[in-house]
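Here is a friendly walk through a ligand site and the helices packed around it. Have a look at the model first, then read on.

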Amino acid sequence: MKLSVKAKVAAAVTVFTVVLTALVLGGVLSTVSATVTQNAEDNLRAVSKEVKRQLLFDDGMVEAPEALLVQGGVYTAVYSAEGPFLCGYMPSANLDSLDFKPGKTRSWGNWLVLDRRAQVEGYGAVHLRSATNIEQLTDAVHKMWIMALAGLFVIAVAASLGSYLIVRRCLRPLDTINSTAAGIQEGTDLSLRIPLGKADDEFHALGSTFNAMLDRLEQSFGKERRFTDNASHELRTPVAVMLAEADYALEENRSPQEQRDALAKIREQAVYMSELTSQLLALARADRGASRLQMEELDFSELCEMVGETGAELAAERGIRLGASIQPGICVNGDTALLMRMLLNLLENAVRYGREGGHIRLELCCEDGQARGCVADDGIGIAPEHLPHIWERFYQADRSRSGVAGGAGLGLAMVEYIAQAHGGSVSCESTLGEGSTFSWSIPALPAQGACAD
Ligand code: ADP
């Protein structure tokens with residue numbers, strides 16, 4: 001049988017409460033009943049003892065004070081050792097005929113009976129029988145047991161109902177989490193979130209974790225979708241160009257020169273696609289952790305100077321001036337080819353998206369054991385809504401500004417990968433229409449002087 005958690009908890013609480021209450025009630029009632037019986041016994045003993053003490057033989061008769069023979073509900077009768085009744089009271093004839101058993105108190109029907117032997121001066125041995133009615137006492141105890149049972153039943157019902165309601169209330173957030181998860185599973189709306197209450201409890205923590213997981217899922221699904229959109233867009237253009245050129249070349253009456261031109265264009269696109277796929281491959285390898293870096297101790301300052309010169313040449317083609325401020329002697333442990341690629345990608349972007357006749361700044365210094373640097377331009381800048389995505393593969397802030405001649409949207413993804421592979425990071429600050437600054441920070445080698453701070 002399948003039981004809900006609520007039912008299981010309610011059943012467990014009920015069983016626990018009922019057993020505990022039964023034990024407590026049973027203990028209390030047994031004690032009460034034993035005490036009540038003990039009191040009656042004590043009373044019986046005391047009266048019988050007193051009668052025994054005050055027995056006397058007078059005027060040929062064995063007697064005791066009248067008041068003692070019926071006292072506090074205890075009746076006492078005196079018999080000769082042979083059996084005949086001498087004095088006192090016995091409320092029932094049956095009690096009279098009961099076997100004489102001196103010593104212990106015994107129960108007989110609703111009566112508690114105590115027999116004693118006694119010696120009366122001048123008469124000899126007599127038998128004493130005291131009896132007290134305990135019907136009211138046993139009735140009262142009996143009623144108490146019935147009330148306790150009824151109470152136990154009420155407690156069982158209240159405990160099961162109460163615990164079920166409390167557990168249901170406590171587990172309500174779990175139902176919300178469940179229905180939200182089911183809603184997401186049924187549909188495709190990853191923007192759904194679990195409403196978090198004010199209570200700072202375990203469910204709040206679970207809901208927050210679940211929401212954080214949904215945030216990440218939504219982000220990665222979005223990234224995935226943008227990647228597919230952008231990649232297909234990026235591949236569709238060259239393929240369309242190649243098809244058009246091939247159709248053109250295959251047309252009748254095309255001169256050998258025209259066919260060669262078309263083939264050259266097809267080749268150009270094929271080269272672009274080949275570069276694209278090798279960049280993608282490099283990134284995919286990096287994702288799998290399969291790409292091996294050729295790490296060596298290198299002078300990063302020199303590398304920046306060298307790539308800066310290439311950047312300056314590229315910039316000059318657009319009338320942009322590149323100014324460099326590079327602290328000499330900064331060494332890092334890194335892959336020369338990859339670090340060159342990182343700097344070149346940033347400089348190419350600065351030229352591509354820079355303002356014609358503008359400026360680019362290339363900086364490098366050592367701070368807190370880190371080789372920190374930046375490439376800053378005064379170009380078109382990046383809108384805030386694009387900024388978080390520029391590191392994604394194939395992401396291009398504005399497609400109309402780029403194209404085959406430009407990049408494919410893999411440059412910054414590569415930059416980020418290279419910085420991270422060197423134990424560092426990159427970031428970007430940008431203002432639309434004013435320019436962008438791409439900064440990096442990678443661990444420097446301390447022994448080289450420049451970073452010995
Ligand atoms: P792309 O090959 O398109 O340059 P990147 O990955 O290098 O691809 O850059 C991604 C996008 O980031 C670019 O399409 C561009 O919109 C934006 N971007 C990169 N660098 C700059 C920059 N210096 N100034 C303005 N936008 C930039």
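## Ground rules

Contact here means heavy atoms within 4.5 Å. Helices (H or I, at least four residues) and strands (E, at least two) are DSSP runs, numbered from the N terminus.

This is a predicted model, in which local features need pLDDT of at least 70, side-chain atom pairs count only at pLDDT 80 or more, and totals for chains, interfaces and linings use all residues. Residues are numbered from 1 along each chain as its sequence is written, and side-chain values use heavy atoms, with hydrogens and water left out.

## Helix 7 against helix 10

Gln-279, Ala-282, Leu-283 and Ala-286 of helix 7 meet Gly-411, Ala-413, Met-414 and Tyr-417 of helix 10. Sorted by class, this contact has 6 nonpolar, 2 polar and no charged residues; Ala, Val, Leu, Ile, Met, Phe, Trp, Tyr, Cys and Pro count as nonpolar, Asp, Glu, Lys and Arg as charged, and the others, Gly among them, as polar.

Helix 7 spans residues 256-288, and its axis packs 11 Å from that of helix 10 at an angle of about 35 degrees. Axes are lines fitted to C-alpha atoms, for helices over the stretch in contact, and angles run from 0 to 180 degrees between N-to-C directions.

## Helix 9 and its two partners

Helix 9 and helix 10 pack with their axes 9 Å apart, at about 140 degrees. On the helix 9 side, the contact includes Leu-338, Met-342 and Asn-349, while Leu-412, Val-415 and Ile-418 are among the residues from helix 10. The class count for this pair is 10 nonpolar, 3 polar and 1 charged residues.

Helix 8 (residues 300-317) also meets helix 9: their axes come within 9 Å and cross at roughly 35 degrees. Among the residues taking part are Phe-300, Leu-303 and Met-306 in helix 8, and Leu-339, Met-340 and Leu-343 in helix 9. This contact has 14 nonpolar, 4 polar and 1 charged residues.

## The ligand site

Which residues are closest to the ligand? Of the 19 that surround it, these are Asn-349, Arg-352, Tyr-353, Gly-407 and Leu-412; a residue is counted if one of its heavy atoms lies within 4 Å. The shell has 9 nonpolar, 7 polar and 3 charged residues.

Polar contacts are pairs of N or O atoms within 3.5 Å. A ligand oxygen is 2.8 Å from an N or O atom in the Asn-349 side chain. Ligand oxygen also lies 2.9 Å from a polar backbone atom of Gly-409 and 2.8 Å from one of Leu-412. Helix 9 (336-352), helix 10 (411-421) and strand 15 (435-443) are the elements that give two or more residues to the shell.

Key:
A polar contact is a pair of N or O atoms within 3.5 Å; within protein, one must be able to donate a hydrogen and the other to accept it, and residues adjacent in sequence count only if both atoms are side-chain atoms.
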